[in-house]
Amino acid sequence: MSPSRVPLPNSTVDRFPHIHDDPSTLPRSLDPFTITTSTGFLPYLTAPTKLPDVFQPLMSLLERMPVLKEDGTPGLLAKYELGPAVLAELPDLTDEIDKQVTAEGSPDLYMVAALFRDYSFLASAYILEPCWENWCKNPEGGYGLGRDLLPKTVARPMYRCAQLLDIPPFLSYAAAYSLFNYTLADPSKGLVYPNLRLIRGFENGLDPKSSEAGFILTHVDMVKYSSGLISGAVKVVDTVEQGGPRSAVNDGFREILESMEKIEAAMEGMHIPATRISTSHLTITDMWANSKPQDYLSFRVFIFGITSQSMFPNGVVYDGVLDNKPLFFRGESGANDSMIPLLDHLCQIPMPSNPLTKVLHEFRAYRPHPHREFLAHINSKSEEVGVRNFALADTETAILFLKTLNHVRSFRWRHWLFAREYIIRRTPHPTATGGSPIVTWLPNQLSAVMDLMLSVYDTYLAPQKGDGVGPDGQKGYDAYAKQVEPMMEMVRDQREKLAKEVEKWCQERGV
């Protein structure tokens, strides 16, 4: 850097003052999903398992709600008795929500988030209980119709919690179903997978060996490694913006790559050190050892949304909310996770302009407010400072950039295989839980990253073959060819396979 050049302010720290803080020092008045470089996209405190005493009627219903309760006996959903119990037992505790304050008098968003989690679990179980009954009694007959009126004793307090947290008032991936729904069996053992337990479940999730628990907790196990994505992305955008050394940008990408190796290993449900495996060689038979494909459709019933779903053709009325106008919300979906969208933004992956990408953009609203702000910041900063152009101006950085794209491809490829094996092969229902088209939606994003990888290779790397060294005497492409060529061969092969698979499924389903 030229001695006369004055570094710009550290824009990320200015915008996110807690990003490098010790999470244990953060006040409960902050949104529990406030991002730090040590906790990543997980909440900065493990979620509470108990609510204040005044919410005991809610706690009682939730403890008795699952198909299989914690003590192993059948719960309310096993007997299709949740709806009547909610109407008979639950008072309207909306006014108690605003009484959840810290010692300084600010809203206790940590407890508000726990209340949101619990009310949204109850809401989904309530409106989808008839669908669960239909599915249990006649799986081939579809889901039927859900309840289209949510009682005010659930709707009003859930809506108030959502207002305070600035999220839609419906069961969501991070704020309720997954990332704020785990605790530790032994706090001294930390976030190792066998130590994770669910707080709430619909079917058999309170049994840690169940497929429902495995499905949810595998997401937690992945996201615990997201801190490296945060710190790596911050290092990349801030260094480029401030005119820092390219070596620091490269270090940021290496940090991201190391984290993605661990995330993808956890995605497989293998829970072994990422250094011991090569994720590029894993197959569908290795995947998700903790959640069996044949079990998924059962507990999946309870995580559907109320938009673009046959069970709720007219949405759902939240009694006592917004003049009782029917409301429509997307359901719980792993697409609400923030890890891959962060890399989409950092790498400036262009998405096609079509209705499928519009759904992708709609999912942004269902992330916690701090996640939305951070992703928007990385998106705008990457565009502003030109991360992609900076990366492609140097061979070594371009290779690291391409490897980062390859992890996005690999992650999305696995997601496609999961959708295919867990859902598409097993049910004709045309939409995913979030309301996106089940056959075409994931390939839309997967194809986009493959297209960018091929463009980077064809435009910037392939022309360097045989040149020996790169600019300024640095290592040229030939030094990296053994890493890159097999990777690109896999991309071309998967791109062809994906197109054939999507065409096949679309023809079979008349899409």
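About 40 Å³ of space lies in the second largest cavity of this structure, a cavity being a set of points, on a 1 Å grid over the protein atoms alone, where a 1.4 Å probe fits but cannot get out. The volume is the space filled by probe spheres set on the points, which are joined across faces, edges and corners. The model is a predicted one, in which local features need pLDDT of at least 70 and side-chain atom pairs count only at pLDDT 80 or more, while totals for chains, interfaces and linings use all residues. Residues are numbered from 1 along each chain as its sequence is written, and side-chain values use heavy atoms, with hydrogens and water left out.

Asp-31, Phe-33, Ala-113, Leu-165, Ile-167, Ala-175 and Pro-368 line this second cavity; lining residues have an atom within 4 Å of a point. Six of these residues are nonpolar, one is charged and none is polar. In this scheme Ala, Val, Leu, Ile, Met, Phe, Trp, Tyr, Cys and Pro count as nonpolar, Asp, Glu, Lys and Arg as charged, and the others, Gly among them, as polar.

By class, 21 residues of the lining of the largest cavity are nonpolar, eight polar and five charged. Helices H8 (211–223), H11 (293–300), H12 (339–346), H16 (395–424) and H17 (441–461) each supply at least two of the lining residues; helices are DSSP runs (H or I, at least four residues), numbered from the N terminus. The largest share, seven residues, comes from H16.

Next comes the nonpolar core, a set of buried Ala, Val, Leu, Ile, Met, Phe, Trp, Tyr and Cys residues joined through side-chain atoms within 4.5 Å. Buried means under 20% relative accessible area, exposed over 50% and partly exposed in between (1.4 Å probe, protein chains only). The largest core has 165 residues, and those with the most contacts inside it are Tyr-119, Leu-122, Leu-150, Tyr-318, Phe-374, Leu-405 and Trp-416. Helix H5 (residues 109–137) gives the most to this core, with 19 residues. Leaving aside neighbours within four places in sequence, Trp-416 is in contact (heavy atoms within 4.5 Å) with residues including Leu-442, Leu-446, Glu-501 and Trp-505.

The cysteines form zero disulfides, a disulfide being a pair of cysteine sulfur atoms within 2.5 Å. For Cys-136, the nearest cysteine sulfur, that of Cys-131, is 11 Å away. Cys-136 is partly exposed, with a relative accessible area of 32%, whereas Cys-506 is buried at 13%.

Terms used
1 Å grid on protein atoms, 1.4 Å probe; cavity = no way out; pocket = protein on both sides within 12 Å on 5 of 7 lines; lining within 4 Å.
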